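Please read it alongside the sequence and the coordinates.

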2 protein chains.
Amino acid sequence: MKKYCFGIDVGGTTVKCGLFDVKGTVLDKWEIPTRIENNGSNILPDVADTIIDKIREKELDREEIAGVGLGVPGPVNEEGEVLTAVNLHWGYIHLTAQMEKLTGLEVKAGNDANVAALGEMWKGGGAGYHNVVLVTLGTGVGGGIINNGEIVTGTHGAGGEIGHVHVTDSVDFDCNCGNRGCLEQVASATGITYLANRRLAKDETPSVLRGQEVSAKAVFDAVKQNDAVAIEIAEEFGKFLGLALANIAGVTDPDVFVIGGGVSKAGPILLDYVRKYYREYAFMSCKETPFALAELGNDAGIYGAAKLVL
Amino acid sequence: MKKYCFGIDVGGTTVKCGLFDVKGTVLDKWEIPTRIENNGSNILPDVADTIIDKIREKELDREEIAGVGLGVPGPVNEEGEVLTAVNLHWGYIHLTAQMEKLTGLEVKAGNDANVAALGEMWKGGGAGYHNVVLVTLGTGVGGGIINNGEIVTGTHGAGGEIGHVHVTDSVDFDCNCGNRGCLEQVASATGITYLANRRLAKDETPSVLRGQEVSAKAVFDAVKQNDAVAIEIAEEFGKFLGLALANIAGVTDPDVFVIGGGVSKAGPILLDYVRKYYREYAFMSCKETPFALAELGNDAGIYGAAKLVL
């Protein structure tokens, strides 16, 4: 009878670790540094060590541990292999096989954004649903698609690469991915800042945004103060994200869209702008699909990683 | 030991029927008329009768029949219920339950476009793959998404409603769905005709398309003759469809895109225009995803329906 599992979220600077019971209660939560030197060759041994230490500390019976779930910042294929994970300085790694050898436990792995979507479906903004689209609006735009309770990984691990869906011909610089007009360029924290500066440069309309350093937070704070220019920026953001999500609805038709990441801290008002344009563009039977804010914050990764092995 | 199954594709005018062995060989293929009078209440009894007749005719052992798969022109939910199927004059029907009662056999059902995608994955242009996107370019644009060998149905049965993905703000009339700028408006047979007439009206550039009735077929025939105006129209079509498929790649990242329907009879040259723009818009790891022409034509539905019960 399995009672416990580990959920591990490997980031570029820290590894977040969670010990869960099989119902999804966090029993312990801690972090270790991510040592990326020497092509990140210490990362997996460090993770294995901290798991083995925790098993000893808690006096867990190995027979009662369902396994270890890992989320990593890069594409992971169905076999548990990573071709490259730039932020960890990894080239090819057979992630699950190496980790199973190091820990003697069953290991499952996935891309961190996809795994976070699974976490939000399990215990967060998408709880109770089986078809969930998570969009994370941070420095970039990430995403994860859950269909019938399973991560949509895709052939090249690019399932849920929502940040690089093309939404506009109006931007005049390249995205980090090499394309131009990606959702990430206009809906991430930096993307909203770009939209704001572009709008402010257009004319001299007074705005509380003038004379301060513009940020996504500043824009939504100004929207809450009914600033006309900020509202225009929020409308433009809402149009791009609403369009992208409407087009996703025509592909996988989820139960719910969950919006997370730093930008989502603006709260329900952000959803209002997205929903408005989503409804304009979405296919008729999907126009009422609900929107929710993510609830697990930075813990979505460890929850989702734990769920991988359950 | 199951040896046989039936694949049934219910259309607005005829019901296509197939008797298959479990390896996917068609043993018999026939049609019956679709009687849509009286709210389509004869359709299921007619289908059941023709199946029972075929079992008698072929002297099949019922124990050896895996079941009956049904494709219908409307959304079908996971429980096998249809809320409405306009072309069949159906309101709510518990399709699988009724058909099981009528035939005494196990029944599975799906939307016809999704089922056709399953057929193309099994025995057509997507054979050998498990993640397949089928786009059908006919009078409208239909589609089906197969992920890990399973149809992506979606919460409202709108999974794979690719025809209603928004691709342009440049059209000046509404789509049948009520929105404006849908892929169907610019990539179906009628959509290509619209693009052609719009281009021809723009100026007086000579073209073989002038003085004849414009159609999607005429456009691609003219492209094959190197007609400059026709090539412009094909480029515009390719841009819209390439964009839509690139955005789908960022969601489900398929192994292959399969293009079917009457418009696809233009052949490989059509794929060239789509692939060109697909590569421009697709996320880097998906740029080389292959394109194939559908191979089963009007039989995709019976193949996919049969596969539903295997």
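## Strand 7 of chain A

Val68(A) has Val107(A) as its bridge partner in strand 7 of chain A. The two strands concerned, strand 4 (residues 65-72) and strand 7 of chain A, are joined by five bridges and run in the parallel sense. The model is a predicted one.

Strand 7 (residues 107-111) of chain A has four buried residues out of five, so the rest of the structure largely encloses it. In a regular strand, side chains alternate between the two faces of the sheet.

## An open sheet in chain B

Chain B contains an open sheet of five strands in the order 10-9-8-11-12, and the pairing is mixed. The edges are held by strand 10 (150-151) and strand 12 (291-293) of chain B; each has a single partner strand, so one side of each has no neighbour in the sheet.

Within this chain, strand 8 (residues 132-137) and strand 9 of chain B are antiparallel and share six bridges. Val135(B) is paired there with Gly143(B), its bridge partner in strand 9 of chain B.

## The contact between the chains

How many residues does each chain bring to the contact? Chain A and chain B give 41 residues each. About 3,100 Å² is buried between chain B and chain A, and carbon and sulfur atoms account for 52% of that area.

The same interface has 26 residue pairs in polar contact, with both residues at pLDDT 80 or more. On the side of chain B that touches chain A, the elements giving two or more residues are strand 9 (141-147), helix 8 (228-252) and helix 9 (268-281) of chain B. Helix 8 of chain B makes the largest contribution to that side, with seven residues. By type, the residues on the side of chain B that touches chain A are 16 nonpolar, 18 polar and seven charged.

## Salt bridges

Side chains of opposite charge can pair when their charged atoms come close. Over all chains, the structure holds 34 salt bridges. One of them joins the side chains of Lys276(A) and Glu235(A), with an N to O distance of 2.8 Å. This pair connects distant parts of the chain, 41 residues apart: Lys276(A) belongs to helix 9 (residues 268-281) of chain A, and Glu235(A) to helix 8 (residues 228-252) of chain A. Lys276(A) has a relative accessible area of 44% and is therefore partly exposed.

In chain B, Asp221(B) and Lys217(B) form a salt bridge whose closest N and O atoms are 2.8 Å apart. Why are these two residues separated by about one helical turn? Asp221(B) and Lys217(B) are four residues apart in helix 7 (residues 216-224) of chain B, so about one helical turn lies between them. Asp221(B) is partly exposed at a relative accessible area of 30%, whereas Lys217(B) counts as exposed at 59% relative accessibility. Another salt bridge links Glu288(B) with Arg279(B), where the closest N and O atoms are 3.4 Å apart. Glu288(B) is exposed, at 59% relative accessibility, and Arg279(B) is partly exposed, with a relative accessible area of 38%. In chain A, Asp28(A), Lys54(A), Glu57(A) and Lys58(A) are joined into one network by salt bridges that share partners.

Asn131(A) sits in the loop between helix 4 (112-123) and strand 8 (132-137) of chain A. Is this residue buried or exposed? With 8% relative accessibility, Asn131(A) counts as buried. A polar atom of the Asn131(A) side chain lies 2.7 Å from the backbone nitrogen of Asn148(A). Leaving out residues up to four places away in sequence, Asn131(A) touches residues of both chains, including Ile146(A), Pro254(A), Asp255(A), Gly154(B) and Thr155(B).

Asp46(A) is placed in helix 2 (residues 43-57) of chain A. At 16% relative accessibility, Asp46(A) is also counted as buried. Apart from residues up to four places away in sequence, Asp46(A) touches Ile32(A) and Arg35(A).

Terms used
Residues numbered from 1 in each chain as written. Chains lettered and ligands numbered in written order. Predicted model: local features only at pLDDT ≥ 70, side-chain atom pairs only at ≥ 80, totals over all residues. Heavy atoms only, no water. Contact = heavy atoms within 4.5 Å. Buried area = accessible area lost by both parts, 1.4 Å probe. Polar contact = N/O pair within 3.5 Å; in protein donor to acceptor, adjacent residues only side chain to side chain. Nonpolar A, V, L, I, M, F, W, Y, C, P; charged D, E, K, R; others polar. Salt bridge = Lys/Arg side-chain N within 4 Å of Asp/Glu carboxyl O. Buried < 20%, exposed > 50% of the residue type's maximum accessible area, 1.4 Å probe, protein only. Pairing = 2+ DSSP bridges.
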